[in-house]
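Here is a short briefing to read with the model open beside you. Please have a viewer ready, and follow the residues as they come up.

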Amino acid sequence: MYSLSAKQLSSLVKEGKISAVEVTRYFLKRAEAIDPSVKAFLTLFPEKALAKAHAIDEKIKQGKSVGKLAGVPVAIKDNIHIESELTTCASKFLADYKAPFSATAVRRIEEEDGILLGKTNLDEFAMGSSTETSAFFETRNPWNLSCTPGGSSGGSAAAVASRIAPLSIGSDTGGSIRQPASFCGTFGFKPTYGRISRYGLVAFGSSFDQIGPFANYAEDIALMMDVLAGHCPLDSTSIADSKEDFSASLSQGVENMTIGVPRNLLKELDPSLIDLFNNAINEYVKMGVKVVEIDIPLIKYSIPLYYILAIAEASTNLARFDGILFSKRSTKAKTLKEVYEYSKEEGFGKEVKRRILLGTYVLSAGHQDAYYKKAQKVRRLLIEDFKRIFQTCDAVVLPTVPSAAFELGAIKNPLEMYLQDIYTIFANLAGLPAISMPIGLDKNQKPFGLQISSAQMQDAKVLRLSAALEQQLKLQTCPPLFAKEFS
Amino acid sequence: MNDWEAVIGLEIHVQLNTKSKLFSSAPNQFGHEPNVNISFADTGQPGALPVINKAAIEKAVLFGLAINAHIPEECHFDRKSYFYPDSPRNFQITQFDEPIIVGGSVAVEIDGEEKVFGIHHAHLEDDAGMLKHFSQFAGVDYNRAGVALVEIVSLPCIHTAKEAALFATEIRSIMQYIDASDCNMEEGSLRIDANVSVRKKGETTLRTKTEIKNMNSFANMELAIDAEILRQIDLYQQGKTVTSGTYRFDLATGATILMRKKETADDYRYFPEPDLPPLFLDKNWIAKLKENLPELPRERKKRYIEKLGLSHYSASLLICDKPLGDIFEKGLSQAKNPVSFCNWLTVEFIGRIKNSRKSVEEFGLDILAIASLSNMVDDKIVTGKVAKQIADLMVENPGKTPEKILEENPAFAAITDCSAIETIVDDVLKKNPESVSDFLNGKEKAFNFLVGQVMKVCQGSAPADIVRDLVRKKISS
């Protein structure tokens, strides 16, 4: 059952060939068997999941219609709210914080009869690229347990890759969905900014953050987009409904499309991976896709732009965690100043503190012109650059990451860690849809991902291109350790 | 002393009377139990997002139109960062460099002369919660957090405390006239900070300014600004300098008291609020609002003076207090003589109920009854003197009409029958022969005494002019 797509599973459930309870029990069992070694989950909801599955089965029995995700377990990154459950953001500061409401994305999953399986691990407040900054524990890569699953949505990627859950959602501020998808050999999609409501996502960089799905099949990414995308009145940056049918658009073919490859950026890529990348491009050529070389000079500023703009926003978004209202107050604090100082000192991890300090610095008087304002200008130029490129190209194709998954603990220098996002940040800077999809394994049997991105609102085009390549490559994408039944 | 001038700029915070808050659907209500009128966004819950309240935008634009300001087609919101427990997100959502209202001015009348004061800009922002201190701890009430504020920043073009008070009063009137706020200083829906500096007349640059906060009435504001001006002049005259700081006014001592020094400029780290896209205002929508702008205080004042013939003083009195002006408007539908009706309302009745600290309506007085009393005097149904007695009874028995009072007291009716008055005059002259002869010997006082005697017998219900005529005629004949 683990090798079925979410779409296949929900069809079987709808047709009554298998019950939602059976599906849920099956994946809960996999969680029990696999998660102690992968450690993808911070919380599991076995009772609630089974209760929801029972309710779905009951509906089917009564002949009532059920939703698009009928009976399919979905894992949720632990910075997205499920009402009355913990949202820890993998931070000690929020270890006891129960969400007072559900995120719009979560509500939509529930409305389509998806089953909330649990909350997944992440880098603290989604700040990191390895899930190592989680205040609770490290998550491991299902392909190689000594490696990182990537981050920050490492738990959601690992849960789907190890087939504990057929679907999960994460959040992507600079690559936090796509990089772990590449490391774990799954599909991970960051939609156009504003496509999926951010209501109920604990903000990191508000103008960068976007919720998106993980799955093992392109059709499941499309299925999730059919469920998640749409205007939300509670998020002012949410864009108007486009009435796109993502699933239906997958089969429309890619012949005569044009993809742009910024070849000069590939010098950052681990040379042993270049063949995998070129092979994927060749497959497109075989399908009748035109490949052109493009140049996006401003991409080289991605990392500095990101580490100015996103953390500037983050420094204010995280200001509310001060020990007063909903974050853990230091027991040592006696005065107001001590409440702020000790609570933050005890509550935030090192990376989060670093980013808050940097963000505060780039916004402060005397530095704002040199950093924040200049970066905003370059961001606008980059957006214009992409507009120009998408006048002639349907998509831009790049590796998702410069390397395959690294060993846990291998990257100690934060600046080196920041380079993980070198190929992914542009999509957040320009609000573009971008997917990472598996295109093969490196010589160490670690997965590697291709990133396809397109103009704003061209989410369906991105999915079409990934589905076409998926069909062409016909890869076995389940990590060998977990490509089996657990009883 | 006379060679000094003060330079004053005001920052006026007005709470808009929208049903819900600026960025959430929580009710905007005053005086409830703590933390009942709150939503996830108001308390800055992680994951909650602001959604702009269109009604607040509309009220702000109305104000901009009322002061003839420029309303840019595009404006945006910014985050202003500072840590304080009443600010749940630790940043305020405000407008820093592209506010909704740019420029504009208000005209006020000072000692019979019109003066125009410029406004730098006005912007929208959300209010903070309120700290409450208890014996062992402090609590935060977030009911006010997120309420829409318009902050109006004047140019530093005000030179006296009186001008400042009149300027602020005019702003309040405008806000009330466009139904944007009740502007109640005691409840905090109108809050004023004054920036004050002084300089030698003729100087063109500004000297160090101080800020005065927490002035809870216009009267106190005037006192506070005057005290601060004197304090600063005094310092300079002693050869000292003024240091920048925030002051409050102590009513008991009549002095401004330093709350905190400002050694460095605060760094609020403003940057555009990423959760709210820029706000685009449709020109046609603005034009439509402009067309439907209600009568503004200066327009109403002009009408009162030019069309109704009210004095400047009376007209000002009525426009400064919007609810009073509104009931005056209501009474106008009945009153035959606006000038005397205004007098009955603003002098006689307001004077009688002043100590209750209630408005005419709160007191239970019917404005139409007041209009009708004014008409009764005009129609000589009662004399002015008796009408005052009727007014006393109306205040003693709110709800009782002057007609009813007259019916219960037939003696109040004016004696319009001359023969009845003649009899009384004859009687008085007969009883006071000395006064009659004194008058005939040229003592005018004696005449007044005789008229008074007649009025006394009539208990005020004889029209004084008729009595005077009769007395003069009878003595002369």
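This is a predicted model: local features need pLDDT of at least 70, side-chain atom pairs count only at pLDDT 80 or more; totals for chains, interfaces and linings use all residues.

**Backbone features in loops**

- B:Lys380 sits in the loop that runs between helix 9 (367-378) and helix 10 (384-396) of chain B.
- Although B:Lys380 is a residue other than glycine, its phi is positive, near 60°.
- B:Asp179 is not a glycine either, and its phi is also positive, at about 55°.
- You will find B:Asp179 in the loop between helix 2 and strand 11 (190-200) of chain B.
- B:Asp179 counts as partly exposed because it has 13 C-beta neighbours inside 10 Å.
- In chain A, look for the cis peptide bond between A:Gly151 and A:Ser152, where omega is about 10°.
- A:Ser152 belongs to the loop between strand 3 (115-120) and helix 5 (154-161) of chain A.

**Nonpolar cores**

- The largest nonpolar core has 226 residues, and the members that touch the most others are A:Val74, A:Leu463, B:Phe63 and B:Ala164.
- Helix 2 (residues 161-177) of chain B gives this core its largest share, 10 residues.
- A separate, second core holds 33 residues, including B:Leu317, B:Phe328, B:Val360 and B:Ile405.
- As background, nonpolar side chains in soluble globular proteins tend to be buried together.
- Which residues is A:Leu463 in contact with, leaving aside its neighbours within four places in sequence? They are A:Ala218, A:Ile221, A:Ala222, A:Met225, A:Phe246, A:Ser249, A:Leu250 and A:Ile435.

**A covered helix in chain B**

- Helix 6 (residues 312-320) of chain B has these buried residues: B:Ser314, B:Ala315, B:Ser316, B:Leu317, B:Leu318 and B:Ile319.

**Helix packing in chain B**

- Helix 12 (residues 418-431) and helix 14 (residues 444-458) of chain B cross at roughly 130°, and their axes come within 10 Å.
- Angles from 65 to 115 degrees count as roughly perpendicular and those over 145 as roughly antiparallel, so helix 12 and helix 14 of chain B are oblique to each other.
- The crossing of these two helices, helix 12 and helix 14 of chain B, is right-handed.
- Helix 12 of chain B brings B:Ile424, B:Val425, B:Val428 and B:Leu429 to the contact, while helix 14 of chain B brings B:Leu450, B:Gln453, B:Val454, B:Val457 and B:Cys458.
- Sorted by class, the residues in this contact between helix 12 and helix 14 of chain B are eight nonpolar, one polar and no charged.

**Two residues to look up in chain B**

- B:Val451 is part of helix 14 of chain B. With 19 other C-beta atoms within 10 Å, B:Val451 is partly exposed.
- Beyond its neighbours within four places in sequence, B:Val451 is in contact with B:Val467, B:Arg468 and B:Val471.
- B:Val451 and B:Ser311 are 140 residues apart along the chain, and 31 Å separates their C-alpha atoms.
- B:Arg472 is in helix 15 (residues 464-476) of chain B. B:Arg472 counts as partly exposed, with 14 C-beta neighbours inside 10 Å.
- B:Arg472 and B:Asp438 are 34 residues apart along the chain, with 13 Å between their C-alpha atoms.

**Helix packing in chain A**

- Helix 9 (residues 274-286) and helix 16 (residues 459-473) of chain A pack with their axes 10 Å apart, at an angle of about 100°. Helix 9 of chain A is therefore roughly perpendicular to helix 16 of chain A.
- The residues that make this contact are A:Ala280, A:Glu283 and A:Tyr284 from helix 9 of chain A, together with A:Leu469, A:Gln472 and A:Leu473 from helix 16 of chain A.
- By class, that contact of helix 9 with helix 16 of chain A has four nonpolar residues, one polar and one charged.

**Where the chains meet**

- How many residues does the contact take from chain B and from chain A? Chain B supplies 25 residues and chain A supplies 32.
- On the side of chain B that touches chain A, 14 residues are nonpolar, six polar and five charged.

Definitions and conventions: Residues are numbered from 1 along each chain as its sequence is written. Chains are lettered from A and ligands numbered from 1 in the order in which they are written. A nonpolar core is a set of buried Ala, Val, Leu, Ile, Met, Phe, Trp, Tyr and Cys residues joined through C-beta atoms within 7 Å. A residue is buried if 20 or more other C-beta atoms lie within 10 Å of its own, exposed if 12 or fewer, and partly exposed in between; C-beta atoms are placed from the backbone. Helices (H or I, at least four residues) and strands (E, at least two) are DSSP runs, numbered from the N terminus. Two residues are in contact if their C-beta atoms, placed from the backbone, lie within 7 Å. Axes are lines fitted to C-alpha atoms, for helices over the stretch in contact, and angles run from 0 to 180 degrees between N-to-C directions. Angles under 35 degrees count as roughly parallel, over 145 as roughly antiparallel, 65 to 115 as roughly perpendicular and the rest as oblique. A crossing is left-handed if the near helix is turned anticlockwise from the far one by less than a right angle, and right-handed if clockwise. Ala, Val, Leu, Ile, Met, Phe, Trp, Tyr, Cys and Pro count as nonpolar, Asp, Glu, Lys and Arg as charged, and the others, Gly among them, as polar.
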